[in-house]
Amino acid sequence: MARAPFELAGVRVAPGSRAQIDVPIAKLYTHAPLHIPVEVVHGRQPGPVLLVCGAIHGDEINGVEIVRRLLRSSSIRRVRGTLIAVPIVNVFGFVQHTRYLPDRRDLNRCFPGSEAGSLGSRVAALFREQIADQATHIIDLHTGAIHRTNLPQIRAQLQQGSETAAMAEAFGVPVILNAELREGSLRAYAQSRGVPVLTYEAGEALRFDEWAIAPGVRGVLRVMRLLGMLSASRRRSQPPAAEIANGSSWARAPIDGILRPRTRLGARVAKGQVLGVVADPFGNSEDEIVANADGIVIGMSNLPLANEGEALFHVARFDAIEEAESAVESFQSDYEPLPDTL
């Protein structure tokens with residue numbers, strides 16, 4: 001029996017073909033229509049329906065490039081199942097270079113949304129109904145917030161032996177954070193439906209970080225192989241070892257002033273170690289920021305200007321700290337930029 005076409009937003013995509021679809025979401029003040037761009041790659045053979053999406057936060061643009069390179073990859077020409085690729089979910093924020101929607105709501109706190117709610121709630125409801133609800137698996141691509149950068153990491157709610165845990169291991173980044181669900185997020189909504197979902201965090205908002213983009217592309221392809229959507233790699237290489245963090249916390253600015261970091265992203269730190277110093281412009285008042293636990297720096301501020309209480313260094317804690325340090329060092333030393341042509 002021939003496989004049925006895949007339908008999204010009223011467009012039918014035949015087996016063995018792909019199509020770009022503009023999903024209407026709203027209108028600008030000028031009455032000009034606004035759309036979420038989607039590409040569907042519908043394989044000839046049955047399999048999972050994987051949603052890969054970026055820029056739910058409009059300024060987190062590394063995911064946009066990850067999706068572009070994924071769609072150009074020769075590997076997906078013979079995909080089994082269906083790939084739904086959405087480079088830009090929050091088109092409002094993307095155009096305005098901002099994390100938020102015009103009503104200042106965070107789209108990733110609006111799920112499942114409502115057709116009769118605020119702009120954020122309505123966009124979330126439309127994205128859910130037209131796109132997300134068709135997925136059997138989801139990879140949501142993020143970066144750090146503006147002026148903050150993240151070490152490549154996977155965030156997921158992990159249960160031993162679960163498909164989510166297997167996807168997280170297959171992705172191939174050095175750190176997996178067993179993260180609690182945030183109410184209103186796409187991850188929380190998908191998890192409530194029993195859909196395995198990963199959040200990939202890497203790099204900084206409003207910039208392309210090649211060291212974050214290339215592992216993201218490789219990670220998505222590895223997950224697709226795990227799910228049987230792609231044939232096994234001829235290289236037969238195992239993904240880099242990853243360590244699961246059992247918790248994390250932010251070290252915050254003790255005073256207002258100018259930050260001078262004493263550590264770097266991916267570094268191993270010990271409890272009580274000085275991570276940085278905050279001082280006034282004259283150096284008359286100076287205070288140290290110290291680590292409150294042994295761990296690995298998985299996120300940090302790139303902006304030297306700090307207000308008292310501001311989160312500056314994100315430290316993840318591990319039961320096996322030596323193994324975590326080795327995983328990060330191996331990832332950093334083995335990294336080679338991925339050719340743009342794939």
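Me: Is Arg 69 buried or exposed?
Reply: The model is a predicted one, in which local features need pLDDT of at least 70 and side-chain atom pairs count only at pLDDT 80 or more, while totals for chains, interfaces and linings use all residues. Residues are numbered from 1 along each chain as its sequence is written, and side-chain values use heavy atoms, with hydrogens and water left out. A residue is called buried under 20% relative accessible area, exposed over 50%, and partly exposed in between, with a 1.4 Å probe and protein chains only. Because its relative accessibility is 6%, Arg 69 counts as buried.

Me: Which residue forms a salt bridge with Arg 69?
Reply: A salt bridge here is a side-chain nitrogen of Lys or Arg within 4 Å of a carboxyl oxygen of Asp or Glu. For Arg 69 the closest N and O atoms of such a pair are 2.8 Å apart, and the partner is Glu 210.

Me: How many residues apart are Arg 69 and Glu 210?
Reply: Helices (H or I, at least four residues) and strands (E, at least two) are DSSP runs, numbered from the N terminus. Glu 210 is partly exposed, with a relative accessible area of 27%. The pair links distant parts of the chain, since Arg 69 lies in helix α1 and Glu 210 in helix α6 (residues 210-226), and their separation is 141 residues.

Me: What is the relative accessible area of Glu 60, a residue that forms a salt bridge with Arg 99?
Reply: In the salt bridge between Arg 99 and Glu 60, the closest N and O atoms are 3.3 Å apart. Glu 60 sits in the loop between β5 (45-54) and α1 (62-72), whereas Arg 99 sits in the loop between α2 (91-96) and α3 (119-130). Glu 60 is buried, and its relative accessible area is 2%.

Me: How many salt bridges does a search of the whole structure find?
Reply: A further pair is Arg 207 with Glu 204, whose side chains meet at 3.0 Å, N to O. In this pair Arg 207 is partly exposed, at 42% relative accessible area, while Glu 204 is buried, at 6%. Searching the whole structure gives a total of 16.

Me: What percentage of the residues in the protein chain is buried?
Reply: The chain has seven helices and 19 strands, and the C-alpha trace spans about 75 × 55 × 35 Å along its principal axes. Of its 342 residues, the buried ones make up 53%.

Me: Which residue in β16 is the bridge partner of Ala 279?
Reply: Two strands pair if DSSP finds at least two bridges between them. Four strands form an open antiparallel sheet in the order β16-β15-β13-β18, in which β16 (286-290) is one of the edge strands, pairing on one side only. Strand β15 (residues 274-279) pairs with β16 over five bridges, and in β16 the bridge partner of Ala 279 is Glu 286.
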